[in-house]
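Let's take a friendly walk through this model, stopping at a cavity and then at a pair of packed helices.

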Amino acid sequence: MARSSPATTALHALWRPGVGLAVWGFDDVALPEDAARLLARRRAGRDVPVLDESGRRRFERAVPLGVASTVALLDALRDTPVSGELRWYIYLLDGVRGFVTAGTVAPGLVDIAGEATMRWLPVPTAMWRAWLDVVIGSAPDFLTDNGGAVALQDLLDEFVDHECRARLATAEPTVATPLIGALLPHTDASAPLATARVPAAQGAWREWNNSAPHDDSTLLLRLYEPDSEDDPDAPTRWRLQVCRRSSDGHVAPIAPHRLDAHDLDDVTSGLARAVRAFPELADADPDRHTLDFLLSTETAETLFAAGAAALGEVGIPVLLPRAIADVRPTLGLRATPVIGSPQRSAVVRWAAIRNFEWRLAIGTGSDAAITLSEADIGELTRQKGDLVRVRGVWMRAEGAALTRAAAFVTAQRAAATSDQPADMGELFDLVAGNTAVPVPISSVEGLSWLDDIAETGALAPPHVESPSTLRATLRPYQLRGLEWLVHLADIGVGGVLADDMGLGKTIQVISLLCHEDRAIDTAPTLIVCPMSVVGNWRRELERFAPHLRVLVHHGPDRHSRKQFTAARDRSDVVLTTFALAARDQELLGEQQWHRLVVDEAQHVKNVNTIAAKALRTLRAEHRIALTGTPVENRLEDLRVVIDLVNPGMLGSASTFRARFAEPIERDRDPATLRRLTALTRPFILRREKTDPAVITDLPEKTELTVRANLTVEQAALYQAILDDLMEALKSKQQRTLRRRTVLAALTRLKQVCNHPAHYLADGTPMLYDGEHRSGKVELLADILGTVVDDGERALVFTQFAEFGHLLTEWLGEQLETPVPLLHGGVGRTARDRMVAQFQDDAGPPVLVATLKAGGTGLNLTAANHVVHVDRWWNPAVEDQATDRAYRIGQQRAVQVRKFVCVGTLEERIDEMIDIKRELASLSVSTGESWLSDLGDDELFDLFRLRDEAVSE
């Protein structure tokens, strides 16, 4: 009768002679597709008696499988975690296949239900019987409860016959006799064989089959656990008893004084063979009264790991103690109460994460894990190796997992009680599964947010209603962003809101401020942003949260120290710029802030700038970074922005570079990328405009590459610059000078592609005798003329302020309307006025802007055409600029045109960027400096002027 394990959800099976394999408990188990399909075709039809843990008898409704289906099921479950009995059946099948492959099988005549039947049978060699001893010794309890010897013999016979017939599936008999045909797969294995002398024939077959040479008795070894030791300092010894198994199956220890000379010679020869197979036996202590070996714990470990298998291969089976369980240790993390908290269930925030208690638990099979006490862990730290004693019981964990885990827990507890602050990044890395730990972390108790990360790899914020004081209706994805921000604030973890430009990062932060409804004694929120978006923040706060008191700390008339403190105390939100965060670092650093919000955080990606250093000195309970491009140029950008909100999480710059940046950027290592993603995913919320939940809020966007030809004048200037460059490179300049030379030539070539007047800077007109001097400008005039005639508006981006001035003056004359230019020299007040005028229905139809000044933080949805007249060749930067028009609030389809000059370096680099665009969001070389690292031949091929460049 089978004994059920405590967890009844495991798949169970029992072989019953004449019935087959009875399978039950598969309804609630996730099975491989082949196994599930096989079981689904059959209906449960037999009751299997089962003994539960209390010894009471009950019946399980089981599915019966024949031998062929049994083999198919075991093969399907081979790579799936299954119960002990199924693993044992798979072991049986593998062993039989080994003997069939070795050819130690023969035909035989057997009696089945009174009928003589030809079957394939194992040849009972010494190796077979040794393996059989191991099989019997490792059999689960349920088999011995069900007449194990009979069931085992029946199952082995069925397996041997099935495997032999399967090997003969393609065989064709050369002699068509009933005897040979009865052994082939297309013949019913149970079909009776017509013969008049059945008993005599059976005896003859049995005698022939058993004539394989073998000893009357087999040498085997049996390992015993050490006795309980009164003296803990005494050496531990495991007794490896030398035994013989007689032909009737009886196993008995060998008494050397009872052996005659012949037997003693056979035994010593067998022991010599054992020592050759397992040399560690030579170093074992002898027992003066027996032939037994006394093993150290280290040698016993080796016997478990490899020695028993090596001895079995030479025909000496080893019986290992069944009481020694293979255990699976796991680590757990339990949050201790926050110091001074009246509630034990208080949320443990990021700052209190050091208040953790590491725990070690062990489990066997389906049994519930047992948590080890401090005394148990102390006992384990004094041991080593796979075999250890815990609470007086010996157990085994491969790879010394138990002792290593105990040492880990001891070290973690020592670190938690020291005066040194915990390494938050290292600790979270452990929980997130990125750093190798001795054994798996199975639970994180008392810290729901870390539980979520450990189980799913992401945070699971609770639902939050849109604040009643917010004068806006949040879109579904924006409400999810609010929930995420609220959850991060509750647990004291910083976050990076990295939604695409135009998806409403500002409104999500404002909704967070409304949700919190700041108390009188709570410090205000400090928002630091580029000067270009201070006005936008102020307007958005006044529009969506007019009840919030806003202080703009900017300009020459900003508050001094005493005035600032008083004004700050009367405010809910303080707005300032990166430049002033650096200039007024001491003033801002003296204050305690409830929250620090860093908008356009990619502006402080260089940690060595004064502004970046100043932001890290500000004291804030919670930090949020806003950026549409968390990786603008390289992975270091990501580390910087994460480190800004959660210091130390990704380690130092050098550690991050060695651990993540180099394997990903240089080797494109997918495993490292997965580890980095798993570590950062909970603290970065990024939604793109292509997301299904977002794209419905935006109109269609069309991107076009517009190719322009050079004029003859442009081509001549281009070739002259290229000739000068090639001549300069012949001088074998130093690396720094060479880079400067290449980048200077690159800039000049791009200026020529824009317009000769841009390169020459000689004040010459845009046209010559009424003819265009630039193919780009001619195309631009044609496109903008159509846009204006259709009553639509356009943004024109260039990276050169000088070219912007040329364009605005000339376009104003051509379009007969003023065309403003937004560049870095425009002050905040003028910038805000320029944006407001363009957004007005009566505003100018065209706005020219430089990438640096107009590429981020602005809402310019009045335009539905975007033209990149020259290229920065960084997709992230260009996309940011495009998103000034393609953002929430845009109601019309957006057309984006990117100009390149045919046959020039512009076209070649555009092709290279398109090929690598899928990697651009991960790593794009900074600006254009990567071009200077190309060889001379590569540079010439990239820069050279092709025949198709000049228009006819």
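## The cavity lining

The residues lining the largest cavity divide into 6 nonpolar, 3 polar and 4 charged. Here Ala, Val, Leu, Ile, Met, Phe, Trp, Tyr, Cys and Pro count as nonpolar, Asp, Glu, Lys and Arg as charged, and the others, Gly among them, as polar. Of the 13 lining residues, Ala 601, Gln 602, Lys 605, Asp 637 and Val 641 lie nearest the centre. Helix H22 (residues 635-645) gives the most to this lining, with 4 residues; helices are DSSP runs (H or I, at least four residues), numbered from the N terminus.

A cavity is a set of points on a 1 Å grid over the protein atoms alone where a 1.4 Å probe fits but cannot get out, and lining residues have an atom within 4 Å of a point.

## About the model

This is a predicted model, in which local features need pLDDT of at least 70 and side-chain atom pairs count only at pLDDT 80 or more, while totals for chains, interfaces and linings use all residues. Residues are numbered from 1 along each chain as its sequence is written, and side-chain values use heavy atoms, with hydrogens and water left out.

## Two packed helices

Helix H15 (residues 476-491) packs against helix H16 (residues 505-516) at an angle of about 55 degrees, with their axes 9 Å apart. Axes are lines fitted to C-alpha atoms over the stretch in contact, and angles run from 0 to 180 degrees between N-to-C directions.

Terms used:
On a 1 Å grid over the protein atoms alone, a cavity is a set of points where a 1.4 Å probe fits but cannot get out, and a pocket is an open set with protein on both sides within 12 Å along at least five of seven lines; lining residues have an atom within 4 Å of a point.
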